[in-house]
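Hello,

Here is the structure for your work.

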Amino acid sequence: MTVLPKTEFPYRLRLPGPTAIPEAVRMAGSRPIINHRGAEMRVMLGEVQQMLRPLFGTAQPVVLQSSSGTGAMEAALVNVLAPGEKVLACVNGQFSERFAKIAAAHGAGVDVLDIEWGKAPDPEAVRQRLAGGDYRAVLVVHNESSTGALADLRALGAVTAETPSLLMVDSVSGIGGAEMRQDDWGVDVIATGSQKALMCPPGLGLISVSAKARAVVERDDRCARFYWDLRKALPVVDQNETAFTGAVSLVQSLHTALSLMHEEGIENVYARHLRLSKAMRAGFVALGLEAFGDASAYSPTVVVGGLPESINGGDVVKHMLETYNTAIAGARNKLQGRVIRIGTMGAFSIGDVMTDLLYLGRSLQALGHSCDPDAAVAAVLSANR
Ligand code: PLP
């Protein structure tokens, strides 16, 4: 097979985050810095709120802070927890492990509901554990990017709503690509980041809090907090202000990204993620990979492929980058070497999926796996109907 030099291929960022961002979003972030407390910034913050709330499915304020997604998770936890209180952590992958570790770092008693990687938390199991303990919160990752499992937040919210416990959700790789109805589903706290389905550069953390959670946040006996104190950040959202200097350039980018999403139509955005993630999975299977995880919980924003034993995931990632200038992800956890992951979130199209599968198929062939990349591309077209 003739292989062109890597420089012939334009760079493609196809990770499950950060994701490639539209040119208009990039340009918006390079506009001049404006007064962070001036009229123009206030108008922009107000419009950002109006465009964000439908994505969270909430009428509550959405706080913007300068951090990655992990910072938003930590901020959420320090506002809800007091040292010594207990949380029930649903652990089904790398990021849910992280959520549990952050809670433990702040002195919480962490009970783990251990779930097979690839599966979603079972609401009935959560109900039983809540009946046996006094938990301040249940920690759940909406979309486990390490395994591609989507949690059923509607069902989990129905369980926690009957208890004093709060449902705290890491939706770093969910919001914007997977449906979220915070108010209807009874999700109490959502933490997310800008760099995934929201089609922005990394650097903004976003948090929303239900009325039930707000009553806890307002208490004086929570973990020590200053910069992350939501008692400062929440009240100023509706004045179109930020507690501290807002990340002006990122807010400019976010405003443009949200405008693009609303132009497409939020329901259309979700439908595109669902349709194209299914197409990507069909393509993986056509290439002879395993569509990793539990089919009833497949994520719309990341597709995970289980590899044959003869192929190492790290080699696939390396080959894709070195030969096709395309960045995909492997795993940095117990699945290392066994899976590859490709993002199906943000600004991406069927053309991206077809290109991914062609390059992936050819990379697998180069590593000794027998497959038919053209058939995989054809599978995309038929799955996409
Ligand atoms: N949670 C999930 C589900 C993620 O996918 C990620 C990032 O990949 C994080 C948390 C961590 O976010 P960040 O890297 O922005 O801190």
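**Ligand site**

The side chain of Gln195 places an N or O atom 2.7 Å from an oxygen atom of the ligand. Keep in mind that this is a predicted model. In Lys196, a polar side-chain atom is 2.5 Å from a ligand oxygen. For Thr70, an N or O atom of the side chain also lies 2.5 Å from an oxygen atom of the ligand.

The ligand alone exposes 390 Å². The protein buries 87% of that area. Two elements give two or more residues to the shell: helix H3 (69-80) and helix H4 (94-105). H3 contributes the most, with three residues.

The shell around the ligand has 14 residues. Those that come nearest are Ser68, Thr70, Ser145, Asp170 and Lys196. By class, the shell splits into seven polar, four nonpolar and three charged residues.

**Ser171**

Ser171 sits in the loop that runs between strand S8 (166-170) and helix H7 (182-185). Is Ser171 buried or exposed? Its relative accessible area is 0%, so Ser171 counts as buried; the cut-off for buried is under 20%.

The Ser171 side chain reaches the backbone nitrogen of Ile175 at 3.0 Å. Beyond its neighbours within four places in sequence, Ser171 is in contact with His142, Met180, Ile190, Ala191 and Thr192.

Best regards

Technical notes. Residues numbered from 1 in each chain as written. Predicted model: local features only at pLDDT ≥ 70, side-chain atom pairs only at ≥ 80, totals over all residues. Heavy atoms only, no water. Helix = DSSP H or I, 4+ residues; strand = E, 2+ residues; numbered from the N terminus. Buried < 20%, exposed > 50% of the residue type's maximum accessible area, 1.4 Å probe, protein only. Polar contact = N/O pair within 3.5 Å; in protein donor to acceptor, adjacent residues only side chain to side chain. Contact = heavy atoms within 4.5 Å. Near = heavy atom within 4 Å. Areas by Shrake-Rupley, 256 points an atom, 1.4 Å probe, with all protein chains shown as cover. Nonpolar A, V, L, I, M, F, W, Y, C, P; charged D, E, K, R; others polar.
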